[in-house]
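Q: Please take a close look at the backbone and side-chain geometry around the loops and strands of this model. I would like the criteria stated along with the values.

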Amino acid sequence: MVQFYSPNRRSVNRGIISVTADNLDAQGQGIARHQGKTIFIAGLLPGEQAQIQLTEEKRQFAKAKVVKRLSDSLHRVAPHCPHFKVCGGCQQQHVAAELQVKTKASVLEHLIQRETGVNISAHPVIRSPEYGYRRRARLGLQYHAKQRTLLMGFRQSQTNDLVNIQHCPVMRPELEQLLRPLHQCLNSLHAVKRLGHVELVLAESGPLVVLRHLDPLKQADKEILRIFSVQYNVAIYLLGEEKSLEPLIEEQTAPWYQVNGLKLVFSPQDFIQVNDVVNQQMVAQALAWLDLQPTDRVLDLFCGMGNFTLPIATQVQATVGVEGVAELVASGQYNAQLNKLNNVDFFHENLESDIHQQPWAAQGFNKVLLDPARAGAAGVMAHIVKLAPEKVVYVSCNPTTLARDSKVLLAAGYHLVSVRMLDMFPHTGHLESMALFSSEPMDIE
């Protein structure tokens, strides 16, 4: 997520000023200028005039709130969610989808140009429908003693208070329709005061619920949950104090999803991409960029449970996936066997430590894919250069670390050939992307 200002705040108390926003940042804040200073204004769109009041001020910029909006942009739309502006989950439902996408792509392009000197387009954007895209969501649970009821929902913006969620149009409809009955079910448990959170996941095998409970559940509560499970055809998993996952019903089918024609079984606690539509396109784009050949040896770093590794393995001589979470490595190994892929090796290694002594590092590869966390991949970039692959595909959830790590490849003589913005989380400020580097200049659409 791109930040244009320091989190350190200094409150101000100023009078009302009038401004016109001329731009939008990735977080959905309007950008205006007043007396030479840049002002970020939540809820204001480009072209809109407003009376505003400063809430924070620094030497080069300020933040403000809208006191009165004097005009409306053609890009202003009605939010679909009744909880918008209260719930902290979405920040941009008032912004037309096309403007959201255009702004994020522009921010990505500007950041790459500023940090690397490379002018490149982030279009076409890889995107999904703007609503009904989220196949995974974790909701907090909090018992309200005065009202004698359970709150179930997301945090309010910049607070720890829960918004009791009744609707969530960014969720897949199969999950959203469970919100009301699930809340009623959990509110009826004897253990209602000792619940932590609940996670909803939509797998190809159907919806599932993971319930975090702080005390052992009594049999009566398990029976209430069992009835809910049968009535709504939902697999339920219990996560107790020992944090060991227990299926409520032993014969529950293990959840799975499909990617590139493969079946990937996963644990409800495993990381999977939240936006399935974008994930399918992202994997397809990565495989196309790598231009996979039957003789290729491909390295996949920060591989998770093999979301890229296993599709790559269907087209090449050999693939190696390296991941720091043991459970994900085990899932990858299981899915390789499930899909009868015998040319895949997974390694459980810490890619932030000395990688030169790790067993995979002695092998040779002619193509590399990496998908690191927000901190980026600083610890492996020098080794990637040492491998001298023909192509490198970098999938990023933080454009700042993507730009930083790109400098290592560019300094080694690689060419930044193509960039795509991934709109993985519409209506939020999350900015994900992927980039293709080549050891030789090349033309690509």
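**Loops, sheet and side-chain contacts**

A: Arg-148 is found in the loop between E7 and strand E8 (149-155); helices (H or I, at least four residues) and strands (E, at least two) are DSSP runs numbered from the N terminus. The model is predicted, so local features need pLDDT of at least 70 and side-chain atom pairs count only at pLDDT 80 or more, while totals for chains, interfaces and linings use all residues. Residues are numbered from 1 along each chain as its sequence is written, and side-chain values use heavy atoms, with hydrogens and water left out.

Arg-148 has a phi near 55 degrees, a positive value in a residue other than glycine. With a relative accessibility of 68%, Arg-148 is exposed; exposed means over 50% relative accessible area, buried under 20%, and partly exposed in between (1.4 Å probe, protein chains only). Gln-35 also has a positive phi, near 55 degrees, and is not a glycine. Its place is the loop between strand E3 (29-34) and E4, and Gln-35 is exposed at a relative accessible area of 75%. Most residues other than glycine have a negative phi, and most peptide bonds are trans. The peptide bond between His-123 and Pro-124 is cis, with omega about -5 degrees. Pro-124 belongs to the loop between helix H1 (97-116) and strand E7 (136-144).

Next, the sheet. Six strands form an open sheet with mixed pairing, in the order E1-E5-E6-E4-E3-E2. Strand E1 (16-20) and strand E2 (23-24) are at the edges with a single partner strand each, so one side of each has no neighbour in the sheet. Within the sheet, strand E4 (residues 37-42) pairs with strand E6 (residues 61-69) in the parallel sense over 4 bridges; two strands pair if DSSP finds at least two bridges between them. In this pairing, Ile-41 stands opposite Ala-64 in E6.

The whole structure holds 3 aromatic pairs (rings of Phe, Tyr and Trp, the last by its six-membered ring, with centres within 6.5 Å; planes under 30 degrees apart are stacked, over 60 edge-to-face, the rest tilted). One of them is Phe-40 with Phe-61: the ring centres are 6.1 Å apart and the planes are at 75 degrees, so the pair is edge-to-face. Phe-40 is in strand E4 and Phe-61 in strand E6, so the pair ties together parts 21 residues apart in sequence. Phe-40 is buried at 6% relative accessibility, and Phe-61 is buried at a relative accessible area of 14%.

Charges also sit over rings, by the criterion that NZ of Lys or CZ of Arg is within 6 Å of the ring centre and within 35 degrees of the ring normal. The charged end of Arg-135 is over the ring of Tyr-257, 4.8 Å from its centre. Lys-263 lies over the face of Trp-256, at 4.8 Å from the ring centre.

Finally, the cysteines. The search of the whole structure finds 0 disulfides (a disulfide is a pair of cysteine sulfur atoms within 2.5 Å). For Cys-81, the nearest cysteine sulfur is that of Cys-168, 6.1 Å away, and Cys-81 is in no disulfide. Cys-81 is buried, with a relative accessible area of 13%. Cys-303 is in no disulfide either, the nearest cysteine sulfur being that of Cys-397, 15 Å away. Cys-303 is buried at 6% relative accessibility.
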